[in-house]
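Subject: Structure for your review

Dear colleague,

Please find below the structure that I am handing over to you. My notes on what was found in it follow directly after.

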Amino acid sequence: MALDKSEVEKIAHLARLHIDTEEAEEVAGRITDILALIDQMQSIDTATTEPLAHPLDVVQRLRADEVTEANHRDELQEIAPSAQEGLYLVPRVIE
Amino acid sequence: MQWETVIGLEVHVQLSTQSKLFSGSSIQFGAEPNTQANIFDLALPGTLPVLNEEALKMAVRFGLAIGAEIGMRSVFDRKNYFYPDLPKGYQVSQLDFPTVGKGSLSIELEDGTEKTIGVTRAHMEEDAGKSLHEDFQGASGIDLNRAGTPLLEIVSEPDLRSAEEAVAYLKKLHSIIRYLDISDGNMAQGSMRCDANVSIRPAGESELGTRTETKNINSFKFVEKAINHEVQRQQEVLEDGGRIVQETRLYDSDRDETRSMRSKEVANDYRYFPEPDLLPVVIDESFVNAIRETLPELPDAKRVRFVEEYKLSDYDAGVLVTSRELAEYYEAVVARCGDAKLSANWVSVELQGLLNKNDWEISASPIQAERLGDLIARIIDNTISGKIAKTVFEAMLEDASSVDSIIESKGLKQVTDSGAIEKLVDEVIANNPEQVEQYRAGKEKVFGFFVGQAMKASKGKANPAQLNDLLKEKLK
Amino acid sequence: MIERTVAEISTALASGDISSVELTQAYLHRIEQYNTDLNAFITVCEESALEQAKAADKSRSDGDCKPLLGVPLAHKDIFCTKGVTTTCGSRMLQNFVPPYDATVVEKFNAAGVVTLGKTNMDEFAMGSSNETSFFGVVKNPWDTARVPGGSSGGSAAAVAADLCAMATGTDTGGSIRQPAAFCGVTGFKPSYGRVSRWGMVAFASSLDQAGSICKSAEDAAMMLNAMAGLDEKDSTSIDKATVDYTATLNDSLEGLKIGIPIQHFAEGLSAEVEQNILDALKVYESLGATIKEIDLPNNHLSVSAYYVIAPAEASANLSRYDGVRYGYRCAEPVDLEDMYKRSRSEGFGEEVKRRIMVGTYALSAGFYDAYYRKAQKIRRLIRNDFLAAFKEVDIILGPTSPHTAFELGAKSDPVAMYLEDIYTIAVNLAGLPGISIPAGTVNGLPVGLQLVGEDFAEAKVFNAAHQFQKNTDWHRNKPDLTGMES
């Protein structure tokens, strides 16, 4: 599976990464090489194999429905790039 | 051309747990921004989710209530997209293995017939935060208090054929979740939100038309308006020879129109995959049975029982079971006074009228079921007439003392002393010789005049039956 | 004293031969001397380390005798440390000061350790050479022209150069074992779920596991005693009783069945490394173990499957770095999309971006079945191979890496770099415990021997490694740091 520049741009947009047009070619080449490595998987038949999401066959534990968290807003917003009046600020969201 | 409308609803219901789906933050409505967002809710590095047991139970509870298949093994997935109100950059949801599978519920159409609406699935997921667009020098403010609130997304089959049916379905859903006590269903506060998938096709056509998804519908009234508006728009487009574009539209209640959401137009590719920070949720029969045992009687079953047990009309029973609280109130009234029919009238007419007029919830009714029962009991035992009872009912709003003491203190007790009534009747007959003559000449309509006069003289307190009997006798 | 094992230091502290303050000062001094060249530490916590050392000495005089009390440790900079910058090797988190401790950090604090600082690493643990760190490459103490391995390269170099007594690490595809092999130290990865991932910056959730880099298997056992256990905050942490991992270190290996995967001795393995491993096998035979060839028929697909699963999970795990709530935000974004794209492109390095791209592609519409689902199926086949092997043997032995540490810049091709982890990756996919211990040298560079156990058979792995170390002294070998002092 070879990737072209336009696919690289599409994927970069999905991942919200900026890729310069000059870079796109090289990135496409690198990713194509990696996909070639990955495609070795296709060499075997797995039609009857169940996927394995976690190495261990265990199930989800449940948490009691209790409020355990206090308000730490001020402390948490100290590390924010931009916050005002308790809100995180971002460039205007357009709907 | 005749068009047929096809509607499917996606309803998001906020579950009324104490804490979030995957963290111990509170989900209380109305808190100061970001005071209910902990390090997990803010997606700080290395933080991890653990599933809230109560949210899972509530989802199962809903599934059982609509006779759905329960996912004995459900799996959470990540739905990936970037938005400032989505801190992790993915929403944890359920794609292939939801907690609630296929089920159904029935709605009543205008002509009184029942229609079954299929529920495709109901899956658990996290709510997002809120973007506030008030101007912060051209910026938006992000409040993540709501991020991570447990949601149940209930997806219907495209079985609805009109805006009215959609509203009936939504109301039924609302009633069920309130009966189950899994959400307050408050649409104004966003605890129940509705997206409508709408398409139209020529009547008789079996292929579905291209659909649009209208988001942001936050009241029953708007559901109807938004769908009607969208149906109208689609008809105009098609009749002008145009094509419907599959897109997401936003309902603007201020302008009563839907408009295309351009920001979501870029084909979204959500890249779902199983959430590796969570394990499969496996439940067993005993888990499900324990929940089944706590299920309340649901509106449909209650309605049937009311008809059988209390001999109510199907209509009256239907009105009384619209909410669990109303039905419970009604039953408490009956238990107190013993007359099911009279109780039904008082609850559905007088009480409901009062609540509607003041926009009160039944839980906030100033008149408790027991007091209303006492009032009705006094009608039954002839202490007061039904008419006087309305006066007492009014008085009860101001006066918290017992029904009996209100009747006593206001002197509203019915006159049942036949001697006293006889005196009144004699006086009326003596004072109106002309009418007596007319009556005796066969003009029976005049009888009402005598009743009115006598009642007036008693200030409405005379026992009507006794009064009638005496008048008839004396006028012979 | 600083060159000694944790077990030895623990004894010396207990007997009063040395105080924690003296020891801590000695390590801090050594860090000052050698870190400029090695670049093993991103952050050194001089002040708080000395305070902790004082407190440890005080506790000891009050009767506290926890085995790790006062022992100086370094944390890989992937573990969140309350009030101490946690960078994960990235510009994205260059100024990130977490308001919380990782569970691993909490547990070591409770054990009374002294935290010397945070060690360098490949950015977001993505790398096998420590060359992707935003804070510069780490150099291998055995030869500063060579890489220390990665991603826990800072921890491995720090332990090898005696800049600390022990260090934490994380292992997603070999990130503890391979740098341990390259730096001639002991590196241990527990079974998936044995140690909590809470507070450990996520790379690939279903593969990441915290572990240890130290000077002996016995030390690793002591460290696991402090780290292991159920954590209610991590859904993937296992509710399974822990044991005293040091209790069975001295069990006899008589009758131990060792499996040798034929795939780990095939094309690609350096002949000298192979010879070292075969020599090690002789040691085991002399201790009463029996050797048996085993087949891991799907091992050759482990790198392929890994490079779908790990990037896919990472692509989502790294979406949270968006410049909104913490971390790097680009200057003067013109709009929301610009903020996302520039913050992420400027905040992440090339390798991280590459893997996010690969993962995003693998999950995108139309490719899910062919990539992610396929990789998960292969993951099952790989695990099944191990399960079948463990029906016949008690432990699996092989080289940790096909060769010794390579030169800085030698692997500029990503795919060549990925294939570095050919012997370690399958162990992560299967979730098994594994250790790398020094087993010789080739041209003066250490060779790592990997031992892999069954699910939760950590004690067995430690036992086998410890018996080897009791009968050899490769783990006592030290690099010559002459000329590096600054």
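How many salt bridges are counted between chain A and chain C? The count is two. Please bear in mind throughout that this is a predicted model.

**Interface of chain A and chain C**

One of the salt bridges here joins R30(A) to D413(C), with the closest N and O atoms 4.0 Å apart. The contact as a whole draws on 54 residues from chain A and 70 residues from chain C. Together the two chains bury about 5,300 Å², and 68% of that area lies on carbon and sulfur atoms. On the chain A side, M41(A), L52(A) and R61(A) contribute 14% of the area buried against chain C, more than any other three residues.

**Interface of chain B and chain C**

Here 29 residues of chain B meet 38 residues of chain C. The buried area is about 2,800 Å², with carbon and sulfur atoms giving 62% of it. P45(B), L48(B) and F82(B) are the residues of chain B that lose the most area to chain C, and together they account for 23% of what that side buries.

The rule finds one salt bridge across this interface. Its partners are D277(B) and R197(C), at 3.0 Å from N to O. Both of these residues also belong to a network of salt bridges that includes R78(B), E275(B) and D234(C).

**Salt bridges within chains**

Over all chains, the structure holds 58 salt bridges. In chain B, K20(B) and D41(B) meet at 3.4 Å, N to O. This pair links distant parts of the chain: the two residues are 21 residues apart, and both lie in the loop between β1 (3-14) and β2 (51-52) of chain B. K20(B) is buried because its relative accessible area is 0%. D41(B) has a relative accessibility of 6% and therefore counts as buried too.

In chain C, the side chains of D322(C) and R325(C) form a salt bridge of 3.2 Å, N to O, and both residues are buried. Another salt bridge in chain C joins E420(C) to K411(C), with the closest N and O atoms 3.2 Å apart. E420(C) is buried, having a relative accessible area of 2%, whereas K411(C), at 23%, is partly exposed.

**Aromatic rings and charges over rings**

The structure holds 29 aromatic pairs over all chains. One of them is the stacked pair of Y284(C) and F468(C), at 5.5 Å centre to centre and with 15° between the planes. This pair connects helix α8 (residues 271-286) of chain C, which holds Y284(C), to helix α15 (residues 458-471) of chain C, which holds F468(C); the two residues are 184 residues apart. Both Y284(C) and F468(C) are buried. F367(C) and Y371(C) form a tilted pair, with 6.0 Å between centres and 35° between planes; these two residues are likewise buried. Elsewhere in chain C, ring pairs join F96(C), F124(C), Y321(C), Y326(C) and F348(C) into a cluster.

Chain B has charged groups placed over rings. The charged end of K79(B) sits over the ring of Y270(B), 4.4 Å from its centre, and that of K472(B) sits over the ring of F447(B), 5.5 Å from its centre.

**Helix α2 of chain C**

Helix α2 (residues 20-38) of chain C has a kink of about 40°, centred on E32(C). Its buried residues include V21(C), L23(C), Y27(C), L28(C), I31(C) and L38(C). The buried residues of this helix pack against α1 (6-15), β1 (41-44), α3 (46-61), β2 (72-76) and β3 (114-119) of chain C. Just after the helix, N39(C) takes a positive phi of about 60°.

L451(C) lies in strand β11 (residues 445-452) of chain C. With a relative accessibility of 0%, L451(C) counts as buried. Beyond residues up to four places away in sequence, L451(C) touches, among others, Y284(C), I396(C), L397(C), V461(C) and A464(C). Y284(C) is also a member of the stacked pair described above.

Q209(C) belongs to strand β6 (residues 209-214) of chain C, and its relative accessibility of 0% makes it buried as well. Leaving aside neighbours within four places in sequence, its contacts include G169(C), D171(C), K189(C), Y192(C), R194(C) and M200(C).

With kind regards

Conventions
Residues numbered from 1 in each chain as written. Chains lettered and ligands numbered in written order. Predicted model: local features only at pLDDT ≥ 70, side-chain atom pairs only at ≥ 80, totals over all residues. Heavy atoms only, no water. Bend = angle between axes of the 7 residues up to and from the residue. Helix = DSSP H or I, 4+ residues; strand = E, 2+ residues; numbered from the N terminus. Buried < 20%, exposed > 50% of the residue type's maximum accessible area, 1.4 Å probe, protein only. Contact = heavy atoms within 4.5 Å. Phe/Tyr/Trp six-rings, centres within 6.5 Å; stacked < 30°, edge-to-face > 60°. Lys NZ or Arg CZ within 6 Å of the ring centre and 35° of its normal. Buried area = accessible area lost by both parts, 1.4 Å probe.
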